[in-house]
Amino acid sequence: MEFVSGYRDEFLDFTALLFGWFRKFVAERGAVGTSLEGCCRQLEAQIRRLPQDPALWVLHILPNHSVGISLGQGAEPGPGPGLGTAWLLGDNPPLHLRDLSPYISFVSLEDGEEGEEEEEEDEEEEKREDGGAGSTEKVEPEEDRELAPTSRESPQETNPPGESEEAAREAGGGKDGCREDRVENETRPQKRKGQRSEAAPLHVSCLLLVTDEHGTILGIDLLVDGAQGTASWGSGTKDLAPWAYALLCHSMACPMGSGDPRKPRQLTVGDARLHRELESLVPRLGVKLAKTPMRTWGPRPGFTFASLRARTCHVCHRHSFEAKLTPCPQCSAVLYCGEACLRADWQRCPDDVSHRFWCPRLAAFMERAGELATLPFTYTAEVTSETFNKEAFLASRGLTRGYWTQLSMLIPGPGFSRHPRGNTLSLSLPRGGDPYQLLQGDGTALMPPVPPHPPQGVFGSWHDYYTWRGLSLDSPTAVLLTYPLTVYYIITHLVPQSFPELNIQNKQSLKIHVVEAGKEFDLVMVFWELLVLLPHVALELQFVGDGLPPESDEQHFTLQRDSLEVSVRPGSGISARPSSGTKEKGGRRDLQIKVSARPYHLFQGPKPDLVIASPSSLSAGFNSGFALKDTWLRSLPRLQSLRVPAFFTESSEYSCVMDGQTMAVATGGGTSPPQPNPFRSPFRLRAADNCMPWYCNAFIFHLVYKPAQGSGARPPRPPPPSPTPSAPPALTRRRRGEKKPGRGARRRK
């Protein structure tokens, strides 16, 4: 079995959900014929009998004039199974946005028009220079003609499908303060002269979006022009009423976001003309249409898209709006759409990848859910729930700028700034000397002043740290501080326990390699807190990984404990020097940050005192994910040869077991038993095809190296396998109102 929860870019799950629902919508709409009227007539009687949703529903109309979709060789054009959606799911789904570059990219149609005119002028000049006979007539471009793209984005600049809605919103006049998908800011279409794709790009002329008042997306329709075979999708923004009415019907009969089929109490429309055209259609569904159209982006000032929680079958990857999903009745960990998928997963070959092998282990992992959700914060119940709405949590607390945008799938609208990943380190350093500036939200300061006295003893829990630091238990900063606090816990607790001979607590300087660094590099200033917690130690953090921005390779800068002032010195990297005060002898109170953008097995440098693994994806934290990246098979032997203490965190116990297997294959060694990290992130990570608890930095383990030849020591033995049942359990669906038996009751028997 393989799960990618916590490692896959969240936007890819979002994109797969959008286009999975859209593909189903188009297939059902087209099955009736070309008449949208006949399609909706069949649904009207069914919709009138649906229960009423007390929430207000909103129909958004987002025109787009400037962005086109260019499909690669791996994608199929067309509204049905095309648009390259098949590779978003499957047994080997992409994990990062850059993996989509062979399939899809976004091009600027405006740049395309300019590029064509420039190329025509260049051809005319060449003809004049060559003395060509006859006169050349300049042809003016037609307004409605198809525009060829002039650029195709590089893998680092590629956006996934689904981003067109945000690009359309920007082109169509989104309101100030609204938020757009973060990918649009990170990857903008760029113009390259002299390049053309083989086919004209798809032009999404208009995007129709149905949401409720809380921002949950319930349905989507793309009206595409300028591509062969897509004429039936609509023509521009003219006469949208039939298409909008069909979308409303399907959104009620099969809502995308969550919940059973239902109709809204009231509907509002974000376009005056379309509002008038729907006045005679919407009442046929038993739905009340608002008296006037919506004049702003959302029904409320704080309107934002909600985190989508549509689940998928672990085997066939069908979403919850396509089939009824039920967890395995024995482990309650894995979701299936029926007996056939459960049986297929149960009988996978070889045996150690089958659900039959993993079922008792996953059941044991599920027993840790309550322990992992035991945290001291006032918001614990909300953020550890399986239905946690991260976007609403961030928006309601004003966490929409600085480092908080790294946690969101959305970005601030015009007028706001964020630190984009991939830029030089100078952009991630604070302005004005406040090292906690990028940790602040829109409201009051989240970080109080540094205590005047260093901590007495060491902290072993969030509660103790918050108390000493003067933080309220309602403060969400633990979500960002999990990175430096995890490093602190490893240095002060785990290394002395597992490697007492190093006497690490008495060292005055430490050199730490942070391997496969991703998110931590984007949040580099949070490591300033290490200077507060360990004021007597001079630290050097060497970030290493091929996922780091190439332009940051070999850069370095220094943070000091007193009176920070940021400066950039050409030729010597980026440095932060004190504006006043005397530097202590031996360079103590310093935090050296260095960057090497290459795989760890290719990195050359002094031997470190400690190695800590960081993520193989943007959402995983310090989690290693050995099995999801091939370079670990070469980096682990490098660590074996160095034989330095190497600690790793993972987001679940399942991932820890997989990492132990990879370590055994790569080096013949093993891993220590994982233990819960008291400084794990309180945010529960989204899991599409399973119900296991996933948290950033949830568990910590260290590598157990294979003994050197002639040492006489024995390599670590794997734990005895758990007994596996012989036959797959039968899926049983609970009746409405029937309660699920608690695990605690079964343990007490």
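Biologist: Where does D590 lie?
Modeller: This is a predicted model. D590 lies in a strand that spans residues 590–596. That strand is β17.

Biologist: Is D590 buried or exposed?
Modeller: Buried means under 20% relative accessible area. D590 has 4% relative accessibility, so D590 counts as buried.

Biologist: How many Å apart in space are D590 and A538?
Modeller: In sequence, 52 residues separate D590 and A538. From C-alpha to C-alpha, the distance between D590 and A538 is 5.0 Å.

Biologist: Now a loop. Is R262 buried or exposed?
Modeller: R262 sits in the loop between α6 (241–253) and β7 (263–269). Its relative accessibility is 13%, so R262 counts as buried.

Biologist: With which side chain does the side chain of R262 make a polar contact?
Modeller: The R262 side chain reaches the backbone oxygen of D260 at 2.9 Å. R262 also touches several residues beyond four places away in sequence, among them L50, W57 and M252. Its side-chain partner, at 2.9 Å, is D53.

Biologist: How do the axes of α9 and α18 cross, and what does that make α9 to α18?
Modeller: The axes of α9 (residues 355–366) and α18 (residues 653–667) come within 9 Å. They cross at roughly 130 degrees. That angle is why α9 counts, relative to α18, as oblique.

Biologist: How many nonpolar residues does the contact of α9 with α18 have?
Modeller: W358, L362, A364 and F365 in α9 meet residues of α18, including Y654, V657 and M658. By class, the contact has 1 charged residue, 1 polar and, as nonpolar, 7.

Definitions and conventions. Residues are numbered from 1 along each chain as its sequence is written. This is a predicted model: local features need pLDDT of at least 70, side-chain atom pairs count only at pLDDT 80 or more; totals for chains, interfaces and linings use all residues. Side-chain values use heavy atoms; hydrogens and water are left out. Axes are lines fitted to C-alpha atoms, for helices over the stretch in contact, and angles run from 0 to 180 degrees between N-to-C directions. Helices (H or I, at least four residues) and strands (E, at least two) are DSSP runs, numbered from the N terminus. Angles under 35 degrees count as roughly parallel, over 145 as roughly antiparallel, 65 to 115 as roughly perpendicular and the rest as oblique. Contact means heavy atoms within 4.5 Å. Ala, Val, Leu, Ile, Met, Phe, Trp, Tyr, Cys and Pro count as nonpolar, Asp, Glu, Lys and Arg as charged, and the others, Gly among them, as polar. Buried means under 20% relative accessible area, exposed over 50%, partly exposed in between (1.4 Å probe, protein chains only). A polar contact is a pair of N or O atoms within 3.5 Å; within protein, one must be able to donate a hydrogen and the other to accept it, and residues adjacent in sequence count only if both atoms are side-chain atoms.
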